[in-house]
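Reader: Before we look at individual residues, could you take me through this model by way of questions and answers?

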Amino acid sequence: MTDLQQAKDLVRAFHSALDRDPAAAMDEFCAPDAIWRGYHPFNEIRDPAKVANDFWVPLQASLTRLQRRLDLFL
C-alpha cells in the first residue's frame, strides 16, 4: 500500500470516528496541542476536546440529518 493510500485511509477513519463520537475522534486522531482555525464565532481553538464539544457536538445535534458525502477525494 502506498503512503498516499494510507493517508487517505487515515482521513476516512477520522471522518467515520467523527460521525460516531466527535470527542473520542478528536482525542484519538488529533494532537493535544492541535490548533483548529474555524470561522467566527469559533475562530481559533487550541484544544481538540473543546473543538468537539463547542463545534462538532452542537452541529450534529442541530443538523440531525447531517451526512458526509465524499464525491471526490484527492
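Author: Helices (H or I, at least four residues) and strands (E, at least two) are DSSP runs, numbered from the N terminus. The model is predicted, so local features need pLDDT of at least 70 and side-chain atom pairs count only at pLDDT 80 or more, while totals for chains, interfaces and linings use all residues. Residues are numbered from 1 along each chain as its sequence is written, and side-chain values use heavy atoms, with hydrogens and water left out.

Reader: In what order do the elements of the protein run from the N terminus on?

Author: The protein has 3 helices and 2 strands. Along its principal axes the C-alpha trace spans about 40 × 30 × 20 Å. Read from the N terminus on, the elements run α-α-β-β-α.

Reader: How far does helix H1 reach from its first C-alpha to its last?

Author: The expected span of a helix is 1.5 Å times one less than its number of residues. Helix H1 covers residues 3–20, which is 18 residues, and the expected value at 1.5 Å a residue is 26 Å. The reach in the model is close to that expectation, at 26 Å.

Reader: Which residues of H1 are buried, and what does the cover of those residues include?

Author: Buried means under 20% relative accessible area, exposed over 50%, and partly exposed in between, with a 1.4 Å probe and protein chains only. The buried residues of H1 are Lys8, Phe14, Ala17 and Leu18. What covers them includes helix H2 (22–29) and helix H3 (48–62).

Reader: Is Val51 buried or exposed, and with which residues is Val51 in contact beyond its neighbours within four places in sequence?

Author: Val51 is found in helix H3, and it counts as buried because its relative accessibility is 1%. Its C-alpha atom is separated by 9.4 Å from that of Ile35, which is 16 residues apart from Val51 along the chain. With contact taken as heavy atoms within 4.5 Å, and leaving aside neighbours within four places in sequence, Val51 is in contact with Met26, Trp36, Ile45 and Trp56.

Reader: Which residues does Ala52 touch, not counting residues up to four places away in sequence?

Author: Ala52 is one of the residues of the largest nonpolar core. Not counting residues up to four places away in sequence, Ala52 touches Pro22, Ala23, Met26, Val57 and Pro58.

Reader: Where is Pro41 placed, and what is the omega of the peptide bond from His40 to Pro41?

Author: The place of Pro41 is in the loop between strand E1 (36–37) and strand E2 (44–45), and Pro41 counts as exposed because its relative accessibility is 55%. Most residues other than glycine have a negative phi, and most peptide bonds are trans. The peptide bond from His40 to Pro41 is cis, with omega near 15°.

Reader: What phi does Asn43 have?

Author: Asn43 also lies in the loop between E1 and E2. At 39% relative accessibility, Asn43 counts as partly exposed. Although it is not a glycine, Asn43 has a positive phi of about 55°.

Reader: Which residues does Arg68 touch, not counting residues up to four places away in sequence?

Author: Arg68 has its place in the segment after H3, and it is partly exposed, with a relative accessible area of 37%. Arg68 and Ser16 are 52 residues apart in sequence, and C-alpha to C-alpha they are 9.2 Å apart in space. With residues up to four places away in sequence not counted, Arg68 touches His15, Leu18 and Asp19.

Reader: How many of the contacts with a separation of 6 or more come from residues 24 or more positions apart?

Author: The protein has 74 residues, of which 18% count as buried. Among contacts in the protein with a separation of 6 or more, residues 24 or more positions apart account for 32%.

Terms used: Core = buried A, V, L, I, M, F, W, Y, C linked by side-chain atoms within 4.5 Å.
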